[in-house]
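The stops below can be taken in order.

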Amino acid sequence: MRVLVAMSGGVDSSVAAARLVQAGHDVVGVHLALSQDPQATRESARGCCSLEDSADARRVCDKLGIPFYVWDFSDRFKAEVIDNFVWSYEHGETPNPCLRCNEKIKFAALLERAVALGFDAIATGHYATIDEDGNLRRSVDPLKDQSYVLGVLTRDELDKCIFPVGDTEKPQIREEAAAFGFATAQKPDSYDICFIPDGNTQAFLGRSIGMRPGIVRDQDGTELKEHDGAFQYTIGQRRGLNLRVPAQDGKPRYVTDVDATTGTVTVGPREALKVWQIDADRLKVLHPAMQGEFAANVQIRAHGGVVACHARVEGNSMHLELETPLEGVARGQAAVLYLPDPDGRGDVVLGSGTICGTSSVQP
């Protein structure tokens, strides 16, 4: 099989490529250049698409004796990920840019070019597995499971994907990389938003959106302070509110709603964060069970908890009624549905939707 491996420059994709070479596949490594500034090395950040990451990926491919290329997706990355990130915050959403990058760049764009060039599949270092029936499942390593960020793929895309390291726990992957002699063996995991290397998201959004003054209100309508932009607040936020006026009960207050249209940010007690119902659109269906009404588990963050729910899918939208409330649920997040471990081999990903509404009313 001719396989294109997305080489991030990290330990996981390094071992993924090595395993495929050992299995006898015709392997080619590719690093995705996503920055429009080719001199941006981001040495102080832990990303996955800098010049130093590219150099690390090249050294791994040289050691494996496989071809290595750098593909420039910077224009598409700006349009599909960075501009979308700004648009989402501008409209009161809380997006996940890494999830969006997986959806639009690391799979859709990469697969499009790979198939055009005659590759049979693409492989990445994501921690997830695909069973013999083509179902996407959680990784063997629950601490590194990345099935959530893969829940935004389409069925056609998933059919052309390979995840060589998903059946192994992370410490073993590092040991394997060291045995291969890869310099990436002890490289830290990536976690930064790669296009905000200094980590100051608010400053980045301020430059991109501009200051738009508004009001922070209590749930009873009391005006507490003015702000410079609703994008500075996210649902569930507690720190950095600087309200100065304490709540009557003396307890902390949290952001419970962000109305980007009016610039109004609402705060309230933690109890007000509880969400019992979720509406989502822009569905991605990965399993035939994701239709009509059914029971499932839902996860709304990459490393968040999972709760049972009753799901109803109608066309390109779905409604979820939760058995246990979730906190800090925001528009723009992905709700990924799972079939709880049906056979002792891990949860099955059914699909996902983008959260567009919530309700605190218990069903």
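Predicted model: local features only at pLDDT ≥ 70, side-chain atom pairs only at ≥ 80, totals over all residues.

**Stop 1: the parallel sheet**

Select β3, β2, β1, β4 and β7. These five strands form an open sheet in the order β3-β2-β1-β4-β7, with parallel pairing. At the edges are β3 and β7 (161-162), each of which pairs on one side only. Now zoom in on strand β1, residues 2-6, which pairs with β2 in the parallel sense over five bridges. To find one of these bridges, pick valine 5; its partner in β2 is glycine 29.

**Stop 2: helices on the sheet**

**Stop 3: helix α2**

Select residues 51-64, the 14 residues of helix α2. From first C-alpha to last, α2 reaches 20 Å, close to the 20 Å expected at 1.5 Å a residue. Which residues of α2 are buried? Colour Asp53, Ser54, Asp56, Ala57, Val60, Cys61 and Leu64: these are the ones. They cover an arc of only 160 degrees around the axis, which puts them on the same side of α2. The cover over these buried residues includes α1 (11-22), β2 (26-33) and β3 (68-72). Turn to the face of α2 pointing away from the buried side, and the exposed residues Asp62 and Lys63 come into view.

**Stop 4: a domain from the record**

Select residues 203-268. UniProt, in an unreviewed entry, places here the feature "domain: tRNA-specific 2-thiouridylase MnmA-like central". Over this range the chain is 11% helix and 32% strand, and the end C-alpha atoms are 25 Å apart. Then pick asparagine 242, in the loop between β9 (223-227) and β10 (254-259). Most residues other than glycine have a negative phi. Asparagine 242 is not a glycine, yet its phi is positive, about 50 degrees. Is asparagine 242 buried or exposed? With a relative accessible area of 52%, asparagine 242 is exposed.

**Stop 5: strand β17 and its partners**

Select strand β17, residues 348-359. Why is β17 largely enclosed by the rest of the structure? Nine of its 12 residues are buried, so the strand is largely enclosed. Show strand β12 (residues 275-285), which pairs with β17 in the antiparallel sense over seven bridges. Here alanine 280 has isoleucine 355 of β17 as its bridge partner. Then show strand β16, residues 334-339, which runs antiparallel to β17 and is joined to that strand by six bridges. On this side valine 336 stands opposite serine 352 of β17.

**Stop 6: arginine 282**

Finish by selecting arginine 282, which lies in strand β12. Arginine 282 is not a glycine but has a positive phi of about 50 degrees. Its relative accessible area is 40%, so arginine 282 counts as partly exposed.

Conventions. Residues numbered from 1 in each chain as written. Heavy atoms only, no water. Buried < 20%, exposed > 50% of the residue type's maximum accessible area, 1.4 Å probe, protein only. Helix = DSSP H or I, 4+ residues; strand = E, 2+ residues; numbered from the N terminus. Pairing = 2+ DSSP bridges. Expected span 1.5 Å × (residues − 1). Arc of directions from axis to C-beta. Contact = heavy atoms within 4.5 Å. UniProt positions renumbered as here; feature names shortened; annotations may be inferred.
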